[in-house]
Amino acid sequence: LFDGLYPFYPQQRKAAAFDISTIVVIVVFLTLACSFLLIIPGIRGRARLYWTLRVLLSLFVGVVIVVVQFTGDWETGWVQANTSYKSFSPVQVNVDIGLHIGLAGVNVTLRGNPVKQINETIDYNEHFPWNFGADYDRSYSQGLQQGLPSPILYVAEKFSRQSPCSVHRQYRIAGHYASAMLWVAFCTWIISNILFSMPVLIYGGYMLLATGAFMIFSLLSFSTVRNSPMCLIQIGTRTLHVAYGGSFWLMLAIGLLCFVAGITIVAMHHLNLDLLKTFFDLREDKAEEYQEMPEVFIDPHVVNKSL
């Protein structure tokens, strides 16, 4: 005790809604999208619709690939239970406990139900990183020193290196390789856009297929953690279960979208190249294509003078 009080934070910390890195990435891509929307009125005819569809869809794929690197909902789980709030105290509180697992670490959320209980505001969201270069056990030890609520420490302890659950290494390696695959997918996405602008449409379609493939590989890498048995997370009389979250399913949808778009581009290149060129605004007039002059005007005075 410190002056008769438990060593909790002097001021209650509020749960974070978004990661700062996520906000920065979204702002950058929104700036690119707004810049394109400013110049889109200068494109005439049906090509305006094609340009808008291609650019916005491509930017959406790019922002998803980067944003999911920083999100914490690849696996999520919630449970409502009555549990002890502080160490060495028999006081029970009714809380919602959330577990959010990302590529770089785990977030544990504790929210009172209601938020105001025992003369305190129960609203926490603590992050414990396990990416390479971070020390999960040190973050957990700091949580012990700060006096985090008991449910947060209990859940975080399940993923520590010393835990008998032995899932720390699996999650850390799976998240590392999934993140590496996504950065490769981001590079192939950039190359595909360069090839589409050159334009080399069929090779752009191939790189779009590669982008979808690396996104699916990242999901397979993260899914390997399911091969390891997970310890039960018992909160009071309730059990906290985790399932694939929004980032996982969003990556799956975008990966399949890249596959469909890539296969469509490659197929149209072999079956109907003119339609593909129309969609990418590469059609040329026949006179320009064959370099023909539709009409020739000859001055008779100049011809007679030269003769």
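Visitor: Which residues do ring pairs link into a cluster?
Guide: The cluster takes in Trp74, Phe128, Trp130, Tyr136, Phe159, Tyr171, Phe222, Tyr244, Phe248 and Trp249. This is a predicted model, where local features need pLDDT of at least 70, side-chain atom pairs count only at pLDDT 80 or more, and totals for chains, interfaces and linings use all residues. Residues are numbered from 1 along each chain as its sequence is written, and side-chain values use heavy atoms, without hydrogens or water.

Visitor: How many aromatic pairs in the whole structure?
Guide: The search finds 19 (Phe, Tyr and Trp rings, the six-membered one for Trp, with centres within 6.5 Å; planes under 30 degrees apart are stacked, over 60 edge-to-face, the rest tilted). For Phe159 and Tyr171, the centres are 5.8 Å apart and the planes at 70 degrees, so that pair is edge-to-face.

Visitor: What does that pair tie together?
Guide: Parts 12 residues apart in sequence, because Phe159 is in the loop between helix H4 (150-157) and H5, while Tyr171 is in helix H5.

Visitor: Phe159 and Tyr171: buried or exposed?
Guide: Both Phe159 and Tyr171 are buried (under 20% relative accessible area; exposed is over 50%, partly exposed in between, with a 1.4 Å probe and protein chains only).

Visitor: And what about Tyr244 and Trp249?
Guide: They also form an edge-to-face pair, 6.0 Å centre to centre with 90 degrees between the planes. Tyr244 is partly exposed at 22%, and Trp249 is partly exposed at 47%.

Visitor: Different topic. Where does the charged end of Arg54 sit?
Guide: Over the ring of Trp51, 4.4 Å from its centre (CZ of Arg or NZ of Lys within 6 Å of the ring centre and within 35 degrees of the normal). Arg54 also lies over the face of Phe279, 5.8 Å from the ring centre.

Definitions and conventions. Helix = DSSP H or I, 4+ residues; strand = E, 2+ residues; numbered from the N terminus.
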